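Have a go at each task before you read its solution.

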Amino acid sequence: MAAKRNTVTTQIPETPPEGTSLALDTRLSRHVESVIPKKRQEALKWYGWGYNDSQFYGQQGIICFKGDKYPLSGCELPNFTKWVRSKFDLDVDHNNAYPQLPPTYPKPVQNAPFLNELRGCTKVDHSQEGVDRLVRSHGQTLNDIYSLWHNKFERIPDLVVWPRCHDEVVQLVQLAHKHNVMLLPFGGGTSVSGAVSCPQKEQRMICVLDTSQMNRMLWLNRENLTVCFESGIVGQDLERVLREQHLTVGHEPDSYEFSTLGGWVATRASGMKKNVYGNIEDLVVRVRMVTPTGTLERECSAPRVSCGPDFNHIILGSEGTLGVITEVVLKVRPLPPVQRYGSLVFPDFEQGVLFMREVARRRCQPASVRLMDNEQFLFGQALKPEKSWLASCLDAIKQRYVTVWKGIDLTHICAATLLFEGEQKDVQRQEAIIYEIAARYKGFPAGGQNGERGYLFTFVIAYIRDFALHQGIVAESFETSVPWDRCSMLCRCVKQRVVSECARHNISHYTISARVTQTYDAGACVYFYFGFRYLNIPNPVEVFEAIEHSAREEILTCGGSLSHHHGVGKIRSHWYRNAVTETGSALYSAAKKHLDPRNIFAAGNLLPAQLEKPTQNSTEAATATATALKAKL
């Protein structure tokens with residue numbers, strides 16, 4: 001059942017807002033009852049990923065899963081238990097305790113003039129309760145969660161505020177700028193780049209601006225197929241509201257259940273169905289962002305304009321460093337009448353990559369096509385619940401068919417999951433093309449059920465990281481994008497680099513795997529999953545980050561990008577200047593100092609070294625910026 005939340009009743013205007021079509025259907029404008037309550041810890045784990053009632057756990061030596069929101073609900077997983085034992089030499093310990101909320105919290109830094117004006121001149125709800133501050137002090141990096149478990153945060157927010165609309169955000173930003181209070185925009189808290197983690201050395205008051213109460217659908221235009229939402233709406237809430245109108249945005253990142261629209265824009269997010277609907281930059285028509293020097297937005301919602309640089313792209317990927325995203329106009333599409341899953345098996349990863357390349361070359365991608373290497377394939381098979389005797393026999397027959405009649409080695413086999421969406425005849429045509437291309441590369445169909453499981457298990461797999469940490473294993477994913485001619489090589493080299501780094505750190509029990517998740521004309525997105533058991537390692541997260549750092553160096557050496565969709569945040573800021581050149585970083589810094597001259601959006605993302613200490617006079621800061629830029633030029 002969806003968690004209850006407090007809502008504020010606001011009169012919806014009967015006439016269309018200025019600049020919108022008369023076809024605007026204002027009757028559909030409404031508040032959304034979110035699955036995530038205002039007190040998010042009532043529904044979500046304070047110490048990890050996902051819902052309070054959903055998790056992997058050990059019972060009599062067997063790994064199980066509980067939680068009624070996912071396909072594995074109530075299942076015992078003996079095959080997964082065997083996989084964990086063989087991979088990590090580990091027997092599940094069900095006696096380990098999960099962390100408890102700390103008895104005390106860091107004392108909040110107080111800015112009395114700001115608090116007095118906040119309380120006396122605005123109606124913005126706010127809290128300084130320790131638990132409210134703690135659950136908004138972090139994202140979902142391994143470092144974040146490990147620090148939570150061991151109560152290592154020196155600095156957490158001093159205040160949480162819940163604005164309810166664009167105008168209240170304007171008030172807050174103006175107050176923070178006036179009183180030199182740091183603002184940290186917070187949406188779903190799903191960042192895996194350190195972007196929403198509090199800067200630990202910040203001495204000013206830190207105010208987290210929680211956008212969760214800004215989740216209205218402001219308007220829907222059926223003729224233009226556009227919709228305007230406030231930025232705090234969560235992905236699953238957004239889609240639920242649109243599906244009631246037989247529409248969809250189609251943006252489905254792995255974090256779709258908990259991440260917000262504003263977070264998608266701020267990180268240039270990508271979804272699993274981008275082949276049909278596009279990435280977030282393809283879906284956005286118009287964005288509003290509040291900065292200390294004013295609101296940045298495009299004047300009209302025309303489909304394309306040629307008016308100099310597109311300032312939407314200043315906002316996209318800004319990672320909370322320039323302002324607060326408040327409203328977003330998106331494209332919508334009618335719900336597809338047919339949704340069909342499929343899967344393919346290939347003799348090895350290289351053949352699978354060639355298949356993916358050909359599909360991209362012919363631009364015939366289904367809504368989603370994702371290729372797993374052998375390690376991930378075996379991991380996915382291990383996650384299947386225990387089957388009946390008959391089902392086990394059928395599996396044995398299928399395995400014999402693959403290994404004997406098809407001549408495929410199970411130690412190299414890999415698989416692709418497929419999702420087709422659209423009109424019946426279009427889906428049938430697309431299926432025929434995809435299976436014909438697969439046959440060229442020795443691939444063959446493996447059934448829709450496997451494809452559906454692979455797609456839906458994406459949401460379950462996110463819970464494994466916390467269970468692994470509970471059992472003494474540190475694990476995390478990292479991603480990149482890479483040109484096609486370097487895709488297979490990059491995957492091989494990165495995995496080899498991780499193997500050599502594990503040997504250097506005397507780590508003998510680990511896993512490293514890869515999958516190709518997105519395809520483009522010129523290249524692909526590649527995900528890596530890495531984890532190890534930390535026996536006799538006093539600082540396992542430091543070791544993990546050192547190995548991941550080496551892996552990222554290998555990615556860049558092989559021609560991969562700094563990030564495909566996770567963003568830069570703090571953990572990849574080391575490479576940002578090289579990624580965009582000195583000229584690019586200077587341009588970003590100039591925009592930052594113009595929009596935020598007192599550096600109140602001091603998240604420390606992208607270019608932390610470039611951010612100067614806040615000045616008392618914003619005009620002086622802007623003048624200094626202009627002088628420094630002229631000197632560079």
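**Exercise 1.** Which are the buried residues of helix 6?

*Solution.* Before starting, note that this is a predicted model, in which local features need pLDDT of at least 70 and side-chain atom pairs count only at pLDDT 80 or more, while totals for chains, interfaces and linings use all residues. Residues are numbered from 1 along each chain as its sequence is written, and side-chain values use heavy atoms, leaving out hydrogens and water.

- Step 1: Helices (H or I, at least four residues) and strands (E, at least two) are DSSP runs numbered from the N terminus. Buried means under 20% relative accessible area, exposed over 50%, and partly exposed in between, with a 1.4 Å probe and protein chains only.
- Step 2: List them. The buried residues of helix 6 are Gly235, Gln236, Asp237, Leu238, Glu239, Val241 and Leu242.
- Step 3: Helix 6 (residues 235-243) has 7 of its 9 residues buried, so it is largely enclosed by the rest of the structure.
- Step 4: Find the partners. The buried residues of helix 6 pack against strand 7 (217-221), strand 8 (226-230), strand 9 (247-248), helix 7 (261-267) and strand 12 (324-331).
- Step 5: Zoom out. The protein has 20 helices and 20 strands, and buried residues make up 58% of its 633 residues.

**Exercise 2.** Where is tyrosine 527 placed, and which residues does tyrosine 527 touch?

*Solution.* 

- Step 1: Check the record. UniProt, in an unreviewed entry, lists Tyr527 under "active site"; UniProt positions are given in the numbering used here, feature names are shortened, and annotations may be inferred rather than shown by experiment.
- Step 2: Locate the residue. Tyrosine 527 sits in strand 20 (residues 523-533), and it counts as buried because its relative accessibility is 7%.
- Step 3: Collect contacts (heavy atoms within 4.5 Å). Leaving aside residues up to four places away in sequence, tyrosine 527 touches Asp254, Ser477, Phe478, Glu479, Ser513, Ala514, Arg515, Thr517, His565 and His566.
- Step 4: Look for polar contacts. These are pairs of N or O atoms within 3.5 Å; within protein, one must be able to donate a hydrogen and the other to accept it, and residues adjacent in sequence count only if both atoms are side-chain atoms. One of 3.0 Å joins the side chains of tyrosine 527 and histidine 565.

**Exercise 3.** Is serine 343 buried or exposed, and is glutamate 542 buried or exposed?

*Solution.* 

- Step 1: Serine 343, in strand 14 (residues 338-346), is buried because its relative accessibility is 4%.
- Step 2: A polar atom of the serine 343 side chain lies 2.7 Å from the backbone oxygen of glycine 447.
- Step 3: Glutamate 542, in helix 18 (residues 540-557), is exposed because its relative accessibility is 53%.
- Step 4: Now compare sequence and space. Glutamate 542 and asparagine 143 are 399 residues apart along the chain, yet 8.4 Å separates their C-alpha atoms.
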